[in-house]
Amino acid sequence: MAPVSRRNFLKSTGMATLPALVATPVFAAGTGYRQSPKASAVIKFYGDGEMFEPADYLNILQQVQTAAPIARDTYGSGGVVEALEKKFAELTGKEKAIYMPSGTMANQLAIAVLSGENTKVFVQDTSHFYRDEADASQSVFQKRLMPLAKDEPFFTAQQLQKAIETIPSEEVFKTGVGAVSIENPVRRANGKMVPVDELRTISAYCRTNNIKLHLDGARIFLASGWSGITVKEYASLFDTVYISLYKYFGAAGGAVLCGDKAVIDKMPHLIKVHGGSMYGNWANTAMALHRLEGFENRLQNTITRANEVFAALNKLPGITIKPLPGGTNIYSLELSAKTNGKKMRDTLNTAYNIRIGGLNEYNQGFLSVNETLLNQDSAYIINAFKKSME
Ligand SMILES: Cc1ncc(COP(=O)(O)O)c(C=O)c1O
């Protein structure tokens, strides 16, 4: 079977226009949005961060190189890869961190090591781990994924405890619970978060029962920005944490996995065995390290700007922008029936370099907040919407 890109899949199924599903940058793809002008002038109300075009990527890396020569790695050892790993270990408060070529690999290897010979792994039904990793856990790592909370963003500690405690009465042959994986925030739930108190209760339960806990924190910096809970505090509740390098740190790909030294030291061999040991990794890690610098401040400024802009836009007739309950950077957008959404979208793009995702038949859509909001001041953005709705 030909490989299916997630973007093409969403487009071909029409899922891209369903508000209940994922707000991804799918609309950007066939619209010419990504071509011009320069990234520095554009505001994109989709995606979690800057996804640089090659020319911009190369320019940024050139600037980084000019400021201080980038130290290359060899098979992930030394140079800028090591510097990035140290930085993430510090940020998460974990003993060690390791760079990996993908988040999928980080998730899979973390669970494989944490669960050892035990086969049962509890996951959210809506998680990337359960739905979007091509059944790697089942087919490659011989784990049995046990999904909880069908179609919901998260499961509660009580649901987890009940599921674990009822196993002996429901199954004859005893197999151990290996680990629990939690995604936060949850991509398939439009960036909704698992409440931190729930995470604390789950963590305490797992620790008491000697069950290992993994965080798919691809976007944990977004959860931190919107909840005010530090990345370190989130990480302290888990044994291992994976963070993406390309969702909002600008890299072309890559991931870091952080945890105890004993766990992380097992990874280089496993990465090699699974074909992920790449000769040079400096281009991804140099970009991520550069963009990590000052990221949390920029994110706070972004949130402040979004609040300012949305408060002003909500005073205009015919437009309503609301945060999602328990959400992060994805907001719902609704236009009155009288507003021509397509025209507004086109004008925002052509006259103001502001790009928004598509709207459904009810004139509803999403606005994703990311660093590109800092490319113009609030007055510019507010005026652009006002004029585009006229
Ligand atoms: C929550 C979550 N976890 C894991 C991944 C996998 O990351 P990668 O694309 O680097 O394999 C993604 C990517 O979309 C994700 O959204």
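Predicted model: local features only at pLDDT ≥ 70, side-chain atom pairs only at ≥ 80, totals over all residues.

Trainee: Which residues come nearest to the ligand?
Mentor: Gly103, Thr104, Asp216, Tyr246 and Lys247, out of 15 residues around the ligand. Residues are numbered from 1 along each chain as its sequence is written, and side-chain values use heavy atoms, with hydrogens and water left out.

Trainee: How does the shell divide into nonpolar, polar and charged?
Mentor: 3 nonpolar, 5 polar and 7 charged. Here Ala, Val, Leu, Ile, Met, Phe, Trp, Tyr, Cys and Pro count as nonpolar, Asp, Glu, Lys and Arg as charged, and the others, Gly among them, as polar.

Trainee: Where does the largest share of the shell come from?
Mentor: Helix H5, residues 103-115, which gives 3 residues. Helices (H or I, at least four residues) and strands (E, at least two) are DSSP runs, numbered from the N terminus.

Trainee: What sits 2.7 Å from a ligand oxygen?
Mentor: A side-chain N or O atom of threonine 104. Arginine 219 also has a side-chain N or O atom 2.9 Å from a ligand oxygen. For tyrosine 242, a polar side-chain atom is 3.4 Å from a ligand oxygen. The protein buries 91% of the 390 Å² that the ligand exposes when taken alone. Those areas come from the Shrake-Rupley method with a 1.4 Å probe.

Trainee: Switching to sheets. What is the order in the 7-stranded one?
Mentor: E2-E8-E7-E6-E5-E3-E4, an open sheet with mixed pairing. Two strands pair if DSSP finds at least two bridges between them.

Trainee: Why is one side of E2 and of E4 left without a neighbour?
Mentor: Strands E2 (96-100) and E4 (144-148) stand at the edges, each with a single partner strand, so one side of each has no neighbour in the sheet.

Trainee: How do E3 and E5 run?
Mentor: Parallel, joined by 3 bridges. Phenylalanine 122 has valine 180 in E5 as its bridge partner.

Trainee: And the order of the 3-stranded sheet?
Mentor: E9-E10-E12, open, with antiparallel pairing. E9 and E10 pair over 5 bridges. Isoleucine 321 has leucine 333 in E10 as its bridge partner.

Trainee: Which helix packs on that sheet?
Mentor: H16, residues 295-313, touching E9, E10 and E12. Contact means heavy atoms within 4.5 Å.

Definitions and conventions:
Near = heavy atom within 4 Å. Polar contact = N/O pair within 3.5 Å; in protein donor to acceptor, adjacent residues only side chain to side chain. Axes fitted to C-alpha atoms, helices over the stretch in contact; angles between N-to-C directions.
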